Amino acid sequence: LPPVERIAELIQQERYKEAYKLAGKIAGPELTADSRTYLSYQQALCERALNRPEKAYARLKRLDDRLAPIEDYRRFWMAGALEAMDDPAAAISAYEDFLISSPHAALGDSAHLRLAELYVAGKQYDHALKTYQRLRQRTPALTPELFHRTAAVYDLQRDHGAARTQRLQLI
């Protein structure tokens, strides 16, 4: 297999350390511009998996709009890297910006969930509840899970009556 494809195979097998090591050995001059971009994405994926969010974020930031088909993933991963770097305000902003501009349904659902969890962690309960409500309208299939999550937020607000009402919706 060509090295870039071998790295993809290792990533698929969740052998990130090996993939990252191999990616570091590939010389840049013989690669096309597209292959270098793809390799950088692979390195960023490995850095995220190896708990190196700062490196992943910096690498993803340099790749701004270089590979249009996965631009939404790049932006979503950058928000996740900010979250892993323990910068919730920046992560919230990145997820909010992502949700404004991305048409990607599955990533949008994940971004809503991550955003709501960040709001809950920051005790911004009203924002979390609104985020769950938007997601429930957008993706009805998630309604049971979202009733459960909404009930948990109401419990944190000590509004046990509202929490009970949410739980009753599950019956």
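Okay, quick one on terms before we start: when I say buried, I mean under 20% relative accessible area. And keep in mind that this is a predicted model.

So, F76 and F98. Both of those are buried. Their ring centres sit 5.9 Å apart with the planes at 55°, so we call this pair tilted. F76 is in helix 5 and F98 is in helix 6, residues 88-101, so the pair ties together parts of the chain that are 22 residues apart in sequence.

How many aromatic pairs does a search of the whole structure find? Four. Another one of them is Y41 with W77, and that one is edge-to-face: 6.4 Å centre to centre, with 65° between the planes. Y41 comes from helix 3, residues 33-49, and W77 from helix 5, residues 71-84, so here the parts being tied together are 36 residues apart in sequence. Y41 and W77 are both buried, too. And if you bring in Y73, ring pairs link Y41, Y73 and W77 into a cluster.

Okay, over to helices 9 and 10. Helix 9 covers residues 143-156 and helix 10 covers 160-168; their axes come within 8 Å and cross at roughly 170°. Anything over 145 counts as roughly antiparallel, so that's what we call helix 9 relative to helix 10.

Who's touching whom? On the helix 9 side you've got F147, T150, A151, A152, Y154 and D155, and they meet H160, A162, A163, Q166 and R167 from helix 10. Sorted by class, that contact has six nonpolar residues, three polar and two charged.

That's my bit, thanks.

Methods. Residues numbered from 1 in each chain as written. Predicted model: local features only at pLDDT ≥ 70, side-chain atom pairs only at ≥ 80, totals over all residues. Heavy atoms only, no water. Axes fitted to C-alpha atoms, helices over the stretch in contact; angles between N-to-C directions. Helix = DSSP H or I, 4+ residues; strand = E, 2+ residues; numbered from the N terminus. Parallel < 35°, antiparallel > 145°, perpendicular 65-115°, else oblique. Contact = heavy atoms within 4.5 Å. Nonpolar A, V, L, I, M, F, W, Y, C, P; charged D, E, K, R; others polar. Phe/Tyr/Trp six-rings, centres within 6.5 Å; stacked < 30°, edge-to-face > 60°. Buried < 20%, exposed > 50% of the residue type's maximum accessible area, 1.4 Å probe, protein only.
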